[in-house]
Amino acid sequence: MLDAERAEVGIVTHAYDSHGIRARFTGRTAHTGPTPMEARQNALIAAARWLVAVDDLGWAEAAQDGKATAASLRAWPNRAGILSDFAEAVCDVRHPDPAAARVMRETMRRSLHAAAAHAGCTATIEDEWSWGGAIFDADLTELCRRHAAPYRWRDIASQAGHDAYHLSAHCPTAMIFTPCRNGITHNHEESCDPDDLAPGLAVLLNAVVERAVVA
């Protein structure tokens, strides 16, 4: 968004509400040749069905800028000719509307157990997490806005996880974004020049100095 609008600085106002689940699927290992379809308990299939269901959920919410991600999958023994009796998968959902994010979380959880049942397996939630919302300090955010005034800037919401999310639970926190070429971030193709970073760094420096003087 910053790159597309040629904005030099993004002042982060809040974070998308995000929810994630790491789940374990348990089935029964067997040889693929003699095992009839109706007797199979393939944990890999259970996990795969959940991943697809979560991806479909993301597309259903895409028009409202909701996102659902099938993030990872591992299975055992994960070999040709053998049904897997164990699989682990991770998924997450995000939405700018907290209420919609909660609905997506519940849909993700229900689809987990439906996918397991369809494959004759069981599912266990091994880890679950949530973050986001109005977590940034209003005074610090306004301080950053003031120092962004000499530049082309805009308010922006954060959609990815950041260390600042964890800091905000312990101290007043603000966050500043700077543009990357073609908007690509968290990727080996991420690219920016010193000139792309300078305005954001100036905002950071001046905000820190003013805050230190006030403190």
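Biologist: How far apart are the end C-alpha atoms of helix α3, residues 98–118?

Modeller: In this predicted model, local features need pLDDT of at least 70, side-chain atom pairs count only at pLDDT 80 or more, and totals for chains, interfaces and linings use all residues. Residues are numbered from 1 along each chain as its sequence is written, and side-chain values use heavy atoms, without hydrogens or water. Helices are DSSP runs of H or I, at least four residues, numbered from the N terminus, and the expected span is 1.5 Å times one less than the number of residues. For the 21 residues of α3 that should give 30 Å, which agrees with the distance between its end C-alpha atoms: 30 Å.

Biologist: Which residues of α3 are buried?

Modeller: Buried means under 20% relative accessible area, exposed over 50%, partly exposed in between (1.4 Å probe, protein chains only). The exposed residues Val103, Arg110 and Ala117 sit on the face turned away from the buried side. The buried ones are Ala100, Ala101, Met104, Met108, Ser111, Leu112, Ala115 and Ala116.

Biologist: Is Thr173 buried or exposed?

Modeller: Thr173 is in the loop between α5 (163–167) and β8 (176–177). Its relative accessibility is 6%, so Thr173 counts as buried.

Terms used:
Helix = DSSP H or I, 4+ residues; strand = E, 2+ residues; numbered from the N terminus.
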